[in-house]
Amino acid sequence: MPAFQITNSLMTKIFTLALILSFSFYQNSIYGQFRKYSNEFLNIGAGARGLAMGGAQISSVKDGTSTYWNPAGLVEIKDVPQVNLMHAEYYAGIGKYDFGSLALPINGGKRTLGLSILRFAVDDIPNTVFLVEPDGTINLSNITMFSAADYAFLFSLAQQVTFQGTKKLNAGINAKIIHRKAGQFATSWGFGFDAGVQFTDKRWKFGIVARDVTTTFNAWSYNINEKMQEVFYVTNNEIPNKSTELTAPKLITGAGYTFTLNKNINLLAEANLDFTFDGRRNTILSINPVSIDPKLGIEASYKNIFFIRAGINNFQKVLDDADLNNKKKVWIYQPAIGAGFVISNVEIDYAFTNLANQSNPLYTHIFSLKLDLKEKEKK
């Protein structure tokens with residue numbers, strides 16, 4: 001493949017530059033102006049395996065969903081191209097979330113390219129701006145429908161950096177293009193980078209990912225006609241202008257360990273810590289400007305063909321619904337369970353997650369498919 005050659009030295013330089021930029025923009029995240037919850041659709045996850053394990057994936061992910069969790073894991077796809085697809089519906093089908101990726105191993109399995117797309121959309125939203133006529137009467141025929149959709153396009157490259165005995169180090173980067181649209185009224189385009197590494201030594205796995213490493217931005221533009229502006233003015237609503245939305249860098253660390261219960265059954269346990277630098281958040285540990293959010297996941301496998309998974313994340317302290325004085329606070333969390341099985345070159349995974357918390361459940365079912373485009377030869 002002479003048309004595309006990247007040396008190990010160049011890949012190392014690219015990744016080193018990304019890490020340097022992450023620390024420089026970390027300081028900007030402290031002193032600059034950022035939106036604390038920007039591009040939140042990129043925090044949902046990808047693949048039923050990862051969602052069933054509570055999002056604890058940074059050190060162990062090794063399939064096409066690595067483009068989302070940790071691009072370094074892509075290099076574990078060595079033999080044949082791989083396709084990953086996922087679909088989920090939220091809030092009784094109101095919101096639809098989809099993920100798709102294509103992973104292409106090159107350079108003898110020492111390097112992998114990845115192409116991915118994420119989409120979160122809410123369709124058939126009623127536009128009631130012109131519901132009330134100037135004379136005060138209600139005209140239902142003035143109601144129109146529009147959709148609000150968020151897209152992310154990820155271009156990934158992973159490289160095996162070192163391999164010696166039982167020790168292995170992989171590195172990867174993402175370049176992402178973000179497109180968000182609310183009907184014909186508002187549109188934004190954004191751009192950003194992610195960088196990650198994975199280190200494996202026997203049964204131990206470690207991972208680090210710097211998300212939005214160079215600060216991701218979204219440039220918004222609005223198309224509000226004069227008639228709509230008049231309605232906004234009369235109803236004391238702000239008329240939006242062009243704006244820029246910034247997403248601060250995030251650092252995620254992870255560690256996992258594989259227990260061998262017998263010759264057929266293995267148990268993988270992983271813990272992740274999300275570090276955000278945009279001020280206090282409602283997390284277990286929050287010291288301005290750093291907040292830390294843990295994620296825990298386990299996966300039991302039988303002969304690597306059948307899997308059972310569970311996870312927990314999103315720990316928050318909220319007011320106790322049972323306290324009539326609205327003073328007592330309790331800890332809540334978001335649990336998840338799931339399963340998967342492999343048939344030949346196809347893996348089907350399922351996750352059952354609670355979108356809210358254990359005391360106010362909002363459950364959703366998630367399915368994903370992993371397909372190796374050619375059956376691997378048995379060694």
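Start outside. Select Leu-85, Tyr-302, Ile-305, Phe-306, Ile-308, Phe-341, Ile-343, Ile-348 and Leu-369: together they form a nonpolar surface patch with about 780 Å² of accessible area. Such a patch takes residues with over 30% relative accessible area and no salt bridge; nonpolar side chains (Val, Leu, Ile, Met, Phe, Trp, Tyr) are joined within 5 Å, and like charges within 9 Å. Accessible areas come from the Shrake-Rupley method with a 1.4 Å probe, and for residues only the protein chains shown count as cover. Strand S14 (306–319) and strand S15 (329–343) are the elements that give two or more residues to this patch. Strands (E, at least two residues) and helices (H or I, at least four) are DSSP runs, numbered from the N terminus.

Zoom to Phe-306, which sits in S14. Phe-306 is partly exposed, at a relative accessible area of 39%. On this scale, buried means under 20%, exposed over 50%, and partly exposed in between (1.4 Å probe, protein chains only).

A word on the model. It is predicted: local features need pLDDT of at least 70, side-chain atom pairs count only at pLDDT 80 or more, and totals for chains, interfaces and linings use all residues. Residues are numbered from 1 along each chain as its sequence is written, and side-chain values use heavy atoms, leaving out hydrogens and water.

Now show the whole chain as a cartoon. It has four helices and 17 strands. Of its 379 residues, 45% are buried.

Go inside. Which residues touch the most other members of the largest nonpolar core? Select Leu-118 and Ile-366, in a core of 21 residues. A core is a set of buried Ala, Val, Leu, Ile, Met, Phe, Trp, Tyr and Cys residues joined through side-chain atoms within 4.5 Å. Around Leu-118, show its contacts (heavy atoms within 4.5 Å). Among them, beyond four places away in sequence, are Tyr-68, Tyr-97, Phe-99 and Leu-154.

Then find the second, separate core: six residues, including Phe-130, Phe-146, Ile-224 and Phe-232.

Next, the salt bridges. Each is a side-chain nitrogen of Lys or Arg within 4 Å of a carboxyl oxygen of Asp or Glu. The whole structure has 13.

- Select Arg-49 and Glu-299, with closest N and O atoms 3.0 Å apart. Arg-49 is in H2 and Glu-299 in strand S13 (residues 290–302), 250 residues apart. Both are buried.
- Select Glu-76 and Lys-168, at 3.1 Å between closest N and O atoms. Glu-76 lies in the loop between H3 and S1 and Lys-168 in strand S5 (residues 167–182), so the pair ties together parts 92 residues apart in sequence. Glu-76 is partly exposed at 23% relative accessible area, whereas Lys-168 counts as buried at 16%.
- Select Lys-370 and Glu-347, which meet at 2.9 Å, N to O. Both are buried.

Now show Arg-49, Asp-63, Glu-299, Arg-309, Glu-347, Asp-349 and Lys-370 together: salt bridges link them in a network.

Finish on strand S10 (residues 250–260). S10 pairs antiparallel with strand S7 (residues 204–211) over eight bridges. Pairing requires at least two DSSP bridges between two strands. Phe-206 has Ala-255 as its bridge partner in S10. Strand S11 (residues 265–276) also runs antiparallel to S10, joined by eleven bridges. The two form a hairpin with four residues between them. Last, select Phe-259, opposite Leu-267 in S11.
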